[in-house]
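Here is a short report on one model. Have the sequence and the 3D view ready, and follow along.

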Amino acid sequence: MASVIRPLLSQLNRSHIRHFDIQPLIETLSHEQAIHVYHEGNSFEGRSIKRIRFGHGPITILAWTQMHGNEATATASVFDLLDILLANEQGTEGFGSLFTIDIVPMLNPDGAERCIRHNAQAIDINRDAMAQQTLEGRILLRLVDELSPKVAFNLHDQSPYYQCGTNGNPSTIAFLAPAFDVDKSIDESRALAMTLISKMRQAIAPHIPECIARYDDTFSPRSFGDRIAGKGAATILIESGAARNDPNRQIARKMNVVGMLSALEFLAAKENGEVSEKECDQLKDSYWEIPENTSETLSSLVIRDLHFVGQHSYKASVSIKQTARYSNAFFIDAVGDLGVQAGLEEFDASELSFEPGKVHTLQAPTILTNDSYHEWLKQGVIQFQGEIHNMDNQSDYPVLLNQPIPADPRALILQQPAYFLMKKGSQIKAAVINGRLIRLED
Ligand SMILES: [Zn+2]
């Protein structure tokens, strides 16, 4: 059976979620008998921060999302989770009698409004766990003190350029049981967090087997996860990351739900005495078998072994990254031997050579369709100059109009926008325009 919010969930399939987007969901949920909505306070700019409670059982869970305003994936996940919990509750005594689950969706609505990490004071709330100078951070710490959760889910998004170990795959989900002291001690609650993480990994591994990583556990006292772990909650950080061809991170969205549900099922089984000490110990130890989250070894696109022909000919790979997750701008990140680098998209250019491309001056109104764009590229034209009103881009690609021309177009320049052509003999075979790879058919 579907819950009352199910018709609204597809609206959360988007790259970013703002305060405005989740109000209809919270409002709809507030009429449900199994749900209580509490107003916990306002953000610095006066946006409401709500807590949604499901259930009335003895096992207490607290989850919060979007402490960083531009990390919206798990905000969709927690509504998916509530949808499933409500649907299961209909007609049966489900998790509601075993758990009390409190969820704060979007702890940083001001940052979400601007699509930035920080809050309206330009403070990173996740470095305010000690100083407590943000209203949003204070709300979270007060909730932890009042609710004393057994398990705390700290839900974030990470850079798309984290790799799962060194296997060439993106880290679509990364877990951490944060340390609560410099010695990285393991007390009962951290052990439970590690056990639950292993259980969650087992549940999501069939879906994304090579894309689950473990985050670095260096103690960070200013961070909420570490502070809350020190208060005796089994604290679990989940970082949602990239997957190939998944710009809105819907795979990570789903994996958060699969993971959290499996954690609840395990806790329920444990409560009912169905889990042995030995199984718990084995799960706890297997936490360390999760490959490490390797930072900055992925990029959006890697062009492999491109030839640069000239007085000094050479061969080099090129990696291209986005300036920021929500930006449409891409830049040249590295050139050379990129053996350790993997691309979310890879292109073999070993039979191709670099071609900077020509500029065409617009003299008359020009309409670009995908087909006509391909023809321009095949003729070596990569940029246009002229009056803006003379260019009508109806293609799916970005267009370069009146860009500054590099001083030396024969080589690529680091940190500069990524656009060039690739040819075989005299035939143009592919183009990179603003970081986007375009393959040209013969
Ligand atoms: Zn974050």
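Just after helix 10, Gly380 takes a positive phi of about 90°. Helices here are DSSP runs of H or I with at least four residues, strands are runs of E with at least two, and both are numbered from the N terminus.

This is a predicted model, in which local features need pLDDT of at least 70, side-chain atom pairs count only at pLDDT 80 or more, and totals for chains, interfaces and linings use all residues. Residues are numbered from 1 along each chain as its sequence is written, and side-chain values use heavy atoms, leaving out hydrogens and water.

**Helix 10**

Helix 10 spans residues 370-378, and its buried residues are Tyr373, His374, Trp376 and Leu377. Buried means under 20% relative accessible area, exposed means over 50%, and partly exposed lies in between (1.4 Å probe, protein chains only). Seen down the axis of helix 10, the buried residues fall within an arc of 160°, so they line one face of the helix. That arc is taken from the directions from the helix axis to the C-beta atoms. Their cover includes strand 16 (358-361), strand 18 (381-385) and strand 21 (427-433). Contact means heavy atoms within 4.5 Å.

**The zinc site**

Which residues coordinate the zinc ion? They are His68 (ND1), Glu71 (two OE entries) and His156 (ND1), at 2.0 to 2.6 Å. Donors are N, O and S atoms within 2.8 Å of the metal (3.2 Å for Na, K and Ca); water is not among the atoms, so sites may look incomplete. His68 sits in the loop between strand 3 (59-65) and helix 3 (73-89), while His156 is in strand 5 (residues 151-157), 88 residues apart. The donor spacing along the chain is H-x2-E-x84-H. The four donor atoms subtend angles of 54 to 153°, which makes the arrangement irregular.

**Buried residues**

| Residue | Relative accessible area |
|---|---|
| His68 | 2% |
| His156 | 2% |
| Gln163 | 3% |
| Leu86 | 4% |

Gln163 belongs to strand 6 (residues 163-164). Its side chain makes a polar contact with the side chain of Thr297 at 2.7 Å. A polar contact is a pair of N or O atoms within 3.5 Å; within protein, one must be able to donate a hydrogen and the other to accept it, and residues adjacent in sequence count only if both atoms are side-chain atoms.

Leu86 lies in helix 3. Beyond four places in sequence, its contacts include Leu29, Ile35 and Phe54.

Conventions. Four donors count as tetrahedral if all angles lie between 85 and 135 degrees; four count as square planar and six as octahedral if opposite donors are over 155 degrees apart and all others between 65 and 115; anything else is irregular.
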